[in-house]
Amino acid sequence: MSDSKSCCAGPGYASPQDAIKAPREKIIYTICIYTGTDIKKPDYLATIDVDENSSTYGKVIHRTELGAWGDELHHMGWNACSSCNHDGEMERKYLIIPGIRTSNFYIVDTATNPKAPKLFKTISGKDIKEKTGLSVPHTVHCLGSDIIVSMLGDADGNAPGGYLHLNKDFDIQGRWENDIKGMNFSYDFWYQPRHNMMISTEWGAPKTFIPGFNLDDVAKNKYGRHVHFWDFKNKKIEKSIDLGEDGMIPLEARFHHNPNSTHGFVGAALSSNIFHWFKDEKGEINIEKVIDVKSIDNKILPVPMPGLITDILISMDDKYLYFSNWLHGDLRQYDISDPSKPILTGQVWIGGLLGKADQVNGRNVSGAPQMIQLSLDGKRLFVTTSLFSSWDNQFYPNMKNDGGMVLIVDCDNKNGGMKIRNDFLIDLSKEPNGPSRAHETRYPGGDCSSDIWI
């Protein structure tokens, strides 16, 4: 693996190898929400102590309330990552946390007091709609000194959405893309600058998925099944690929961290398959199904139950692929040393609808593994259990009263293997304002699903 541009002045790390050697995380930031419950309190950013030598290990040590009830904080991203490591004026200081239902953005200062972050700035969702015609923010990526955010709908919640462009001061610059021809829906994206590549995926129109999941909407083609490869410099789609019935609802997409690589993976949630893409010797994009999670006959759903792959990530050394099956209830680890032939090396069960792990660490699980975040050294996987409030309430109705949870899964990053840590459990049923549920997690020093090298 070749190093990327080296410079010690800016935020982040000069190469993935440097990131792997970074100091172990002592706190994590996790989004917690009351949206979708009867508790009329703002969603918040929880600071969690994960330092095993600390007297508050395994506890929420601070809660930064943001906005008002009903935002549904969902995904977040850093203002700076390793893509601007060469820029000494940049600092990984702010978390950008949008509300998926209101399109409000909350810029949170984590650097002044890392254990007690504070709201720095709010961007009105109304202003974003008026200036860009976009709404429903999802993935946030640092783009050198600027920021781009995938937006899942237009101002009225219709597909296909587009991309919001913010400058480093968080001023709205307009839309990032020059052309979205070929894009049916929006969701996740990842870019690989050395190859002028970006991939984007498809969920559905906000008007479709926000109320909850309706199987009839799949037959009516209201959910995506395409992935799009972009000409990154010219900001337009170069090639769209229909994944067919095997690729229904492609959600999270991840390139290798090695900036010289064109390889990556995407999880098709409803079909519960993992696809691998790469450029061949002729520069042509190839994509292949490499993992198939079999649907299971059940007494809960009128059709065989898919695993529902809702999150995936790749370890910083590009050796392991992890993903969650939110309906089945399992987390998996695959050795992807040969990207075309993944090998299952680890699996654990946490909740789910199959009844294989109704309790974990003495606590009933209302939900299943959903969002995952891997430590930079590849040894600790942080796991939360909430997908989206209306879908949570539909498939795991007890979560509304029981709340969510945060767990640590220890990972063998040499030989493969996973084990749920028995001394760590963030039980969100006991929060001061009542049960909340947890979604995405970030580390103060950057993480495996945000840092990009140029």
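Which residue in S22 is the bridge partner of Phe 323? It's Arg 332, and we'll come back to that residue below. First, a heads-up: this is a predicted model, so local features need pLDDT of at least 70, side-chain atom pairs count only at pLDDT 80 or more, and totals for chains, interfaces and linings use all residues. Residues are numbered from 1 along each chain as its sequence is written, and side-chain values use heavy atoms, with hydrogens and water left out.

**How confident is the model?**

- The protein's mean pLDDT is 96, and 98% of its residues reach 70 or more; pLDDT is the predictor's confidence in each residue, from 0 to 100.
- Residues 1–9 are another story: pLDDT stays under 50 there, and the model has 27 contacts beyond four places in sequence for this stretch. Contact here means heavy atoms within 4.5 Å.

- Strands are DSSP runs (E, at least two residues), numbered from the N terminus, and helices are runs of H or I with at least four residues. Two strands pair if DSSP finds at least two bridges between them.
- Strands of a sheet pair through backbone hydrogen bonds, either parallel or antiparallel.
- Strand S21 (residues 320–325) is joined to S22 by six bridges, and the two run antiparallel.
- S21 and S22 make a hairpin with four residues between them, and Gly 329 in the turn has a positive phi of about 105°.
- S22 also has six bridges to strand S23 (residues 343–349), again running antiparallel. In S23, Leu 344 is the bridge partner of Tyr 334.
- In a regular strand the side chains alternate between the two faces of the sheet.
- In S22, Asp 330, Arg 332 and Tyr 334 point one way, while Leu 331, Gln 333 and Asp 335 point the other way.
- S22 is mostly covered, with six of its six residues buried. Buried means under 20% relative accessible area, exposed means over 50%, and partly exposed is in between (1.4 Å probe, protein chains only).

**Zooming in on Arg 332**

- Arg 332 sits in strand S22 (residues 330–335). Why does Arg 332 count as buried? Because its relative accessibility is 14%.
- Its side chain makes a polar contact with the side chain of Tyr 334 (2.9 Å). A polar contact is a pair of N or O atoms within 3.5 Å; within protein, one must be able to donate a hydrogen and the other to accept it, and residues adjacent in sequence count only if both atoms are side-chain atoms.
- Leaving aside neighbours within four places in sequence, the residues in contact with Arg 332 include Val 293, Phe 323, Leu 344 and Met 418.

**Other strand pairings**

- Four strands form an open sheet in the order S4-S5-S6-S7, with antiparallel pairing. The edge strands, S4 (77–78) and S7 (118–123), each pair on one side only.
- Inside that order, S5 (residues 94–98) and S6 (residues 105–109) pair over five bridges, with Ile 96 opposite Ile 107 in S6.
- Strand S10 (residues 162–166) pairs with S11 in the antiparallel sense over three bridges, and Leu 166 has Ile 172 in S11 as its bridge partner.
- S10 and S11 form a hairpin with five residues between them, and Phe 170 in the turn has a positive phi of about 70°.

**Salt bridges**

- The whole structure has 26 salt bridges, each defined as a side-chain nitrogen of Lys or Arg within 4 Å of a carboxyl oxygen of Asp or Glu.
- Arg 254 and Asp 188 form one, with the closest N and O atoms 3.0 Å apart. This pair links distant parts of the chain, 66 residues apart, and both residues are buried.
- Lys 289 and Asp 246 form another, at 3.4 Å between the closest N and O atoms. Lys 289 is in strand S19 (residues 285–292) and Asp 246 is in the loop between S15 (236–242) and S16, so the pair ties together parts 43 residues apart in sequence.
- Asp 292 and Lys 294 meet in a salt bridge too (3.1 Å, N to O). Asp 292 is partly exposed at 33%, whereas Lys 294 is exposed at 57%.
- Arg 24, Glu 52, Asp 410 and Arg 421 are linked in a network of salt bridges.

**Cysteines**

- A search of the whole structure turns up zero disulfides, meaning pairs of cysteine sulfur atoms within 2.5 Å.
- Cys 84 is in no disulfide, and its nearest cysteine sulfur, in Cys 142, is 3.9 Å away.
- The sulfur of Cys 142 is 3.8 Å from the closest cysteine sulfur, in Cys 81, which is too far for a bond.
- Cys 84 is buried at 1% relative accessible area, and Cys 142 is buried at 3%.
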